[in-house]
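My notebook is open, and I want to look up a few things here.

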Amino acid sequence: MNKVKEFIKSFGWPRIIISLFLLSLFIIAPFVGVSISTSLSDTIVRFGMNGVMVLAMVPMIQSGCGLNFGLPLGIIAGLLGGTMAIEFNFLGQSSFLMAIVFATPFALLLGYGYGKLLNKVKGSEMMIATYVGFSSVAFMCIMWLLLPYSHPTMVWGYAGKGLRTTISVEGFYLHTLSNFLKINIGDSFLFPTGMILFFILLSLLMWAFFHTKRGTAMTAVGSNAVFAKASGIDVDKTRTLSVMMSTWLGAVGILVYQQSFGFIQLYMGPFYMALPAVSAILIGGAAVNKASIVNVIVGTFLFQGILTMTPSVMNSMIHTDMSEVIRIVVSNGMILYALTRKSEATQ
Amino acid sequence: MSSLRETKFQRILNTLEKNSVPLLFGVIVIFGIPLSGYSLNYLGQEIVVRIARNSFLIIALLVPIMAGMGLNFGMTLGAMAGQIGLIFIADWKIIGIPGMVLAMIISTPLSILLGWLCGKILNMAKGREMVTSYIIGFFINGVYQLIVLYGMGSVIPIKNSSLVLPRGYGIRNTVNLIKIRKVFDNLIVIKLFGISFPIATFLLIAALCLFIIWFRKTKLGQDMRAVGQDMEVARAAGIKVEHTRILSVIISTVLAGYGMIVYLQNIGTLNTYNSHMQIGMFSIAALLVGGATVNKANIGNVFLGVTLFHLMFIVSPTAGKNLIGEAQLGEYFRVFVSYGVITLALVLYEIRKRRDADRSGRLLAQNQMDQREILE
C-alpha cells in the first residue's frame with residue numbers, strides 16, 4: 001500500500017488523472033463507433049510530428065533556464081531553412097536534408113543571442129522567453145513580406161513577391177521521413193517508421209550527450225548553479241550551449257512536423273506552438289528544472305493521445321466538440337501545476 | 001544620503017537609459033506622424049477617444065505592481081468577468097447607463113472570486129508571478145469558453161435567441177451592445193477645437209486616479225508597498241503578506257472588469273471569444289511605453305503610455321503604406337512593436353536591477369573611502 005502511495009506521489013495526481021482519462025477514451029472508443037486502429041495510428045503519427053519539438057525542451061530545463069517558451073525562435077530558424085531549401089529548388093528527399101543544413105546556422109546564431117540574453121536575466125527567463133518568442137514571430141511576419149523569395153510555389157501569385165501564409169511541401173520534403181520503411185496494417189493503421197526512428201535517433205543522441213562531461217556539467221548547472229561554479233564549470237557558457245541546443249532542436253522539430261503535416265505555416269503560425277510542447281513535457285512528469293527523455297516520450301504520447309481522442313470520441317458520444325476547451329484546460333492547467341510546485345523546483 | 005559621484009556624461013546616460021522606452025516611442029511617433037499624413041485634429045480626436053477607452057483598464061494594473069507582483073497578465077480574468085456581465089444585460093435587454101451599472105454589479109462577485117483564485121495561485125508561485133499570471137489567463141479562458149460556449153443557453157438560461165448560436169446553446173461570436181454603445185461617453189460632451197471630449201468618462205477616470213492616490217496612503221496601500229519592497233521584512237513587521245498580495249490581485253481584477261465594461265461600451269460590440277485575449281497585452285504594452293517598469297508605475301505613466309502607444313497604433317498602418325506601399329506591413333509592424341516593447345522593457349528592467357545593485361555597491365565603497373580620508 002505504501003508503495004502505491006509513493007508511486008502516486010512521485011507520479012503526481014494530474015498525470016494519473018490524465019492517463020486514466022486517456023485510457024477511458026480508448027476503452028469507450030469502440031462502443032461509440034470510433035476505430036481503435038485509426039485512433040492509435042493517428043496518435044503515433046502526431047507523436048512523431050511533435051516529439052522533436054518536445055525534446056527541444058530538455059536541454060534548457062536541464063541547465064536551469066526553465067521551460068522554453070521561446071520555442072518559436074527555433075521554429076523560425078526551421079522555417080527559414082525550409083523555405084530556403086524550396087527557394088534553391090532542392091527537390092524530393094534531398095530538400096529535407098538541405099532544409100536542416102540551411103536551418104542550422106540560423107538556429108545556432110539565434111540560439112547564441114537568445115542564450116546570451118537569458119544569461120542577463122537569470123531568474124525571470126520564462127517570462128522573457130515568452131516575449132522573445134512572440135516578438136521574433138511578429139518581426140518575422142514583416143520579414144516574410146520583405147525577404148527576396150521568388151520561387152513560384154511560395155510567393156503570392158499576383159504580386160510575385162511576399163511569402164504565402166501556408167506553403168505546400170509537396171514535391172519537396174512531404175513525407176520524407178514518414179514514408180521511410182512505413183508499415184501499413186489493414187487500411188486504417190499506418191506506422192510512420194522513419195519519423196519515429198528519427199525521433200529515437202535524436203533522443204539517443206541527447207541521452208548520450210547527457211552522459212558526456214559537458215552534459216553532466218549542464219545538469220549540474222541546472223540543479224545548483226553555485227555549486228557548479230565552485231567546481232569550475234563556466235555557468236554562462238553551459239547555459240548558452242543548452243539554449244543553442246534547444247533552438248536547433250526546435251528548428252529540426254518544425255521540419256519534422258512539416259514533412260508529416262504537408263505545409264509550412266508562416267506568419268502567425270508559430271505563435272502559440274510553444275505551449276503544446278511545454279505542456280506535453282510537463283504531463284510526462286518533468287518539473288521546471290528537471291526533465292528526461294522518458295518525460296518527453298510519455299508526455300508527448302499522453303498529450304497527443306488526448307488531442308486525437310477527445311474530438312472523435314466526444315463527438316460521437318455527445319455530439320458536441322468540446323476538444324478545444326479540454327485542450328486549453330488540460331495543457332494550461334498542467335503548466336500552472338508545474339509552476340506552482342515549490343518542492344519539486346528545489347529538489 | 002550622499003549620491004554616487006559620476007561624471008556628467010555617465011549621469012546623462014543613466015537618465016537616458018531609464019527613459020529609453022518612452023524616448024524610443026517618441027522617436028517612432030515623431031517619424032510616423034508626418035509619414036501617415038493624418039491631420040493633427042484627427043489624431044487629437046482619436047487619442048482623446050482612446051484615452052477614454054483604455055485608461056481605466058491600464059490603471060487596473062497599478063495595484064499589483066505596488067504589491068511587488070509585477071505586471072498582472074491575469075487582468076484578462078477581470079475582462080472575462082466584465083464580459084459575462086455584459087452578456088447578461090444584453091440578454092435581459094437592460095439599456096443605457098442602468099445596463100452598464102448592472103453589468104458592473106454582476107461582474108464584481110465574479111471578479112472577486114477569480115481574483116482570489118489568481119492571488120492564491122500566485123502565492124504558490126512567488127518569484128515567477130508574471131509568467132504564472134499569464135498562464136492563468138489562458139487557463140481561465142478555457143473555463144470561460146466552457147461556460148459561455150457550452151453552459152449558456154443550456155444550463156444558464158438565456159432568453160434572447162438572437163444571442164444564442166443556431167444550435168440552441170452557446171453565445172454567438174459577436175454580441176451587439178448597440179443599446180449601451182457610447183451611452184457613458186455621450187453623457188456629457190464638450191467640443192473644444194473641433195475635438196469632442198467625453199467628459200463623463202474622463203470624470204470616472206479622474207475619480208479612479210484619485211482613488212489610487214488615496215489608496216496608496218491607506219493602511220492597506222502602505223502594507224502593499226512594504227510587501228512589494230521586501231516580503232520577509234514586511235512579514236517580520238506583522239503584515240499578513242499572503243493576504244495582502246491576494247487583496248491586491250482582487251482589486252486589480254475588479255477594476256479590470258469595470259475597465260472592460262467602459263472599453264466595450266465605447267466599442268459597441270463584444271467579440272465573445274476574442275475581446276479579452278488581447279486586452280492584457282495591449283494594456284501592459286501601453287503602460288510600459290509610458291515608462292513604467294515591473295516594480296514601479298504611476299498614473300503619469302498610464303496617460304503618457306496610452307498617448308504614445310496609440311499614436312503609434314493609429315499611424316503605423318498608413319505610414320507603412322505610404323513608406324513601402326503595403327498597409328499589411330504597418331499592421332505587422334505594430335504587432336511587432338507591441339510585443340517588442342514588452343520584451344525590451346522586461347529585459348531592461350532585469351539588467352537595471354543588476355546594475356542598481358552594482359551602483360549601490362559602488363556608493364557604499366565610495367562612502368567608506370570618504371570616511372577613511374576624513375579619518376586620515
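At what angle do helix H3 and helix H8 of chain B pack, and how far apart are their axes? I looked it up: H3 (residues 40-59) and H8 (residues 199-217) of chain B pack at about 20 degrees, with axes 10 Å apart. That angle makes H3(B) roughly parallel to H8(B), a label for angles under 35 degrees. Axes here are lines fitted to C-alpha atoms, for helices over the stretch in contact, and angles run from 0 to 180 degrees between N-to-C directions. Helices are DSSP runs of H or I with at least four residues, strands are E runs of at least two, and both are numbered from the N terminus.

Before going on, I noted the ground rules. This is a predicted model, where local features need pLDDT of at least 70 and side-chain atom pairs count only at pLDDT 80 or more, while totals for chains, interfaces and linings use all residues. Residues are numbered from 1 along each chain as its sequence is written, and chains are lettered from A and ligands numbered from 1 in the order in which they are written.

Next I checked who touches whom. From H3(B), Ala52(B), Ser55(B), Phe56(B) and Ile59(B) meet residues of H8(B), including Phe202(B) and Leu208(B); contact needs C-beta atoms, placed from the backbone, within 7 Å. I sorted the residues of this H3(B)–H8(B) contact into eight nonpolar, two polar and no charged. Ala, Val, Leu, Ile, Met, Phe, Trp, Tyr, Cys and Pro count as nonpolar, Asp, Glu, Lys and Arg as charged, and the others, Gly among them, as polar.

Then I looked at where the chains meet. Chain A puts 28 residues into the contact and chain B puts in 33. On the chain A side, H7(A) gives the most, with 13 residues. That side has 20 nonpolar, seven polar and one charged residues.

Most residues other than glycine have a negative phi. Tyr267(A) isn't a glycine, yet its phi is positive, about 55 degrees. I found Tyr267(A) in the loop between strand S4 (263-265) and helix H12 (274-283) of chain A.

Is Tyr267(A) buried or exposed? Tyr267(A) counts as buried because it has 20 C-beta neighbours inside 10 Å; the cut-offs are 20 or more other C-beta atoms within 10 Å for buried, 12 or fewer for exposed, and in between for partly exposed, with C-beta atoms placed from the backbone. Lys182(B) also has a positive phi, near 60 degrees, but Lys182(B) is partly exposed, with 18 other C-beta atoms within 10 Å.

Conventions: Parallel < 35°, antiparallel > 145°, perpendicular 65-115°, else oblique. Contact = placed C-beta atoms within 7 Å.
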